Amino acid sequence: MVRIIGKRIGELLIESKAVTREQLLEAMEEQKVSTRPTGQILISKGFITEETFARILSKRLGIPRVNLYSYEIDPEVATAIPVLMARRHQVLPLRRQGEKIVLAMADPMNIIALDDVAMYTGSGVEPVIALPSAVEHAIDRYFGLKESMEQAVEVNESRDKEEELSRLRTLVEDAPIVKVVNSLIQQAVIEKASDIHIEPSGKGVRIRMRVDGILHDLMSPPKGTQPVIVSRIKIMSGLDIAERRLPQDGRILLQSNLKDVNLRVSTLPTIHGEKVVIRLLERERVVLPLEKLGFSEQNYRLFKQSLLNRSGMILVTGPTGCGKTTTLYSVLNYLNSPKDNIITVEDPVEYRLEGVNQVQVNPKINLTFASTLRAILRQDPNIIMVGEIRDLETAEIATRAALTGHRVLSTLHTNDAPRAITRLLDMGVENYLITSSLLAVVAQRLIRLICPECRQKYRLTLDQRLLFSKVFGREAPLELYRGNGCKKCNRTGYRGRVAIHELLRVDRKIRRLILDGAGPEKIVAAAREQGMIPMLRDGLRRVEKGDTTPEEVMRVAFDSTTVESEPGNLRGAPPPALPALPR
């Protein structure tokens, strides 16, 4: 049966010009002495990719494909068959659909597999096609969790704490749980997620990953697996598995697909158990060339001019997760030169930069931003990066350092660029220190980009055009772009992110306003007069280029004080919802 099917699929592959006849014959010769299907042999020899093979097979048989890396799998249904059956046939039950089980298969023409699953479960089977590697990963994940759960229950029932910890240490080194955790991390790397969240609840465990700033459900393993998963992650990150009452922070260094990935681990005790967040940091995504940071031509030119100053302070502002660290690291990478002594103080050190002296604060031993900054000034630095200005002491030392011939880079949490000045004044920094040291402030947000695979034009309705004009202060175009949703973007219509900015240069007029004690509204007005592009307008530039949607810009940037039309009515209000887009 396999040989005949192999020939049929093989001929289709040749007709599609996916493989040559010589490659097919070589695979079929090996198949005579192998239990593997011809298609799998072609893949293992590198004659065809899994993706191409699955696409052609789906077209040939009329069977839908699924992406197991984003598919919501029912863990109870997934483990409804024995693990040996799942591995032997490379299949995995996904969910129930009426009286049938939806079954992911690497080879949907494997009649024996269909019969075995139907007989074992007593249900009809609806096959779907999945990549063989994805099926193997899913089997490792779900069956590994089941085995770990059974052992975890035994551990939880142990009354002796030392015995419990000893058995837990042994358990988390076993292959099943190792594969499960590695699979979670690998999937997050593949999906280009920024974070993995492992959240215990009263009924189970919720595992989610943040992709392009939005959290997506990944899986919901049984409650009993939570201590095993958390303990495995703790051991990988060098944390104390016996300490469950206090928050802990750790780090994991690994290599995935020949890329270095830093994982920052944070645990937090909750009423249902420890919550874990793993932040993924890849060098390619943390350290970018300046021209890749998303600046408009005007902002890029002004930002580089500010960096050319041999002294003074430049601030990057915005909420948590808006890419401030990426901007600072990219600037350090740009300024990094053997002629300069660069020192940073961070909490924590996100990524190690060659040629840069990086210090991580440790409040437990009084190694704070302020105390470290004082020590740095005795180290003859040229460029200083302060991870965040959090208090008056740090702010004063940083501004005085900028006055004494140092270039200082740092971050603040403010909604827009002009309010960074107000924030420093509120901290208690003298206005003359700000005017003498501050060169520029960059505020930024991250917006999602339209998925290039499903990007399409659409015509705006009258209501959408009116709202567009009201929010952005200009006439709406007749047509814009949006993502229709596809498997590449997990049906979201968005894939990837880019920053939008507003850049305030502190010139003579703004210095005079600061010394006169002017409020933020006057500083905003003066900044616009000098040519500052408000963040909402910078987002509009991306909309008009077809990079993103009005809804995305409004979601991210509408809370800024730089709304351009009807500011009295719109400032501080929640973003209005655009009418539903026609599909």
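Colleague: What makes strand β2 (residues 100-105) and β3 a pair?

Modeller: Six bridges join β2 to β3, and the two run parallel. Two strands pair if DSSP finds at least two bridges between them, so six bridges meet the definition. Residues are numbered from 1 along each chain as its sequence is written, and side-chain values use heavy atoms, without hydrogens and water.

Colleague: Why are β1 and β3 said to stand at the edges?

Modeller: The open sheet has the order β1-β2-β3, with mixed pairing. β1 (91-97) and β3 (124-129) each have a single partner strand, so one side of each has no neighbour in the sheet.

Colleague: Which helix lies across these strands, and what makes it a helix?

Modeller: Helix α7 (residues 111-121) lies across β1, β2 and β3. Helices are DSSP runs of H or I with at least four residues, strands are runs of E with at least two, and both are numbered from the N terminus.

Colleague: Where is confidence lowest and where highest?

Modeller: pLDDT is the predictor's confidence in each residue, from 0 to 100. Helix α24 (residues 567-570) is lowest, at a mean of 35, and strand β10 (residues 312-317) highest, at 96. The protein chain averages 83, and 87% of the residues score at least 70. Over residues 560-583 the pLDDT stays under 50. Where pLDDT is low, the predicted coordinates should not be read in detail.

Technical notes:
This is a predicted model: local features need pLDDT of at least 70, side-chain atom pairs count only at pLDDT 80 or more; totals for chains, interfaces and linings use all residues. Contact means heavy atoms within 4.5 Å. Axes are lines fitted to C-alpha atoms, for helices over the stretch in contact, and angles run from 0 to 180 degrees between N-to-C directions.
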